[in-house]
Amino acid sequence: MKKTDSTATDHPEIEIRGLHKSFGDNEVLRGIDLTIARGEVVCVIGPSGSGKSTLLRCVNLLEEPTSGQVFVGGTEVTDLDVDIDAVRRRIGMVFQQFNLFPHVTVTKNLTLPQRRVLGRDKARAAEVARENLDRVGLAEKADAYPAQLSGGQQQRVAIARALVMSPQVMLFDEPTSALDPELVGDVLAVMRVLASEGMTMMVVTHEMSFAREVADRVVFMDGGVIVEEGPAAQVVVDPQHERTRNFLNRILDPAAAQQPGPEDATGKDDRP
């Protein structure tokens, strides 16, 4: 069972207020308000182009909002005077693609950011790398190179690379969308463990079973707005809005999913 923090509702880890984001004339986010408590797991679902990935990337300013405010751990990320590097050290991010350095070993992929960003010495960085490789079930791959690993193993290394920085928040942007179906389970298993340990997680995903079983809340986005949000069992199993129902019918009905249409949850980036 997931650990719960009795103070979580009093101290939001992520707070988003009136967030807008445009790329030229294309308004991708149209006024998002969302709060995520400490230790909470929130899954963001919706069709391709709905703004999910852009919203996630605004949390650590990989995309700069057009207007609105984002707070992480009580610090306003969108304040022009903020030390964004200090804020980002609180945030781990896992992308669709693994973004590992191909020319160095798994261990080096995990020790380099610790030494460069956190200033850890070589021995301590290696120790933390070993601990987190074991945490994701890949201790035996410490000396391997990324090309020697499966896609699922590379993604688990990418999760370990985020964890070595001791983040307070983990952001996942469709972490299984680039994987073959048989490799998805091991990655989701690692994410389930993180959730059970009380990690604050914001997950953009099309894995509805994961959202239903692990998320505290599910947020459905469409057209750059939040259409529906609530407990996972309610939104995934008994959605209240027609747009949510239509989207889930397409995702959960294999026959319907074969038909082309605007509500195509392919995991593609929603940026232009």
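This is a predicted model: local features need pLDDT of at least 70, side-chain atom pairs count only at pLDDT 80 or more; totals for chains, interfaces and linings use all residues.
Let me start with helix 5, residues 151-163: its 13 residues, at 1.5 Å a residue, should span 18 Å, and the end C-alpha atoms are 19 Å apart, which agrees. The expected span here is 1.5 Å times one less than the number of residues in the helix, and helices (H or I, at least four residues) and strands (E, at least two) are DSSP runs numbered from the N terminus. By buried I mean under 20% relative accessible area, by exposed over 50%, and by partly exposed anything in between, with a 1.4 Å probe and protein chains only.

Residues are numbered from 1 along each chain as its sequence is written, and side-chain values use heavy atoms, with hydrogens and water left out.

Now to the salt bridges, of which the structure holds 12; the term stands for a side-chain nitrogen of Lys or Arg within 4 Å of a carboxyl oxygen of Asp or Glu. In general, side chains of opposite charge can pair when their charged atoms come close.

One of these salt bridges joins the side chains of Arg 38 and Glu 13, at 3.4 Å from N to O. Arg 38 sits in the loop between strand 2 (26-37) and strand 3 (41-45), and Glu 13 in strand 1 (residues 12-23), so the pair ties together parts that are 25 residues apart in sequence. Arg 38 counts as partly exposed, at 33% relative accessibility, whereas Glu 13 counts as buried, at 2%. Glu 13 and Arg 38 are also linked with Arg 90 in a network of salt bridges.

A further salt bridge is formed by Glu 197 and Arg 135, whose closest N and O atoms are 2.8 Å apart. This pair links distant parts of the chain, 62 residues apart, with Glu 197 in the loop between helix 6 (181-196) and strand 8 (200-204) and Arg 135 in helix 4 (residues 122-135). Glu 197 is partly exposed at 37% relative accessibility, and Arg 135 is partly exposed at 38%.

Arg 192 and Glu 213 form a salt bridge as well, with the closest N and O atoms 2.8 Å apart. Arg 192 belongs to helix 6 and Glu 213 to helix 7 (residues 208-214), so this pair ties together parts that are 21 residues apart in sequence. Arg 192, at 29% relative accessibility, counts as partly exposed.

Finally, let me turn to backbone angles. Most residues other than glycine have a negative phi. Which way does phi go at Asn 99, positive or negative? Asn 99 has a positive phi of about 55 degrees although it is not a glycine; this residue lies in the loop between strand 6 (91-94) and helix 3, and is partly exposed, with a relative accessible area of 47%. Glu 174, likewise not a glycine, has a positive phi of about 45 degrees. Glu 174 lies in the loop between strand 7 (169-173) and helix 6, and at 3% relative accessibility it counts as buried.
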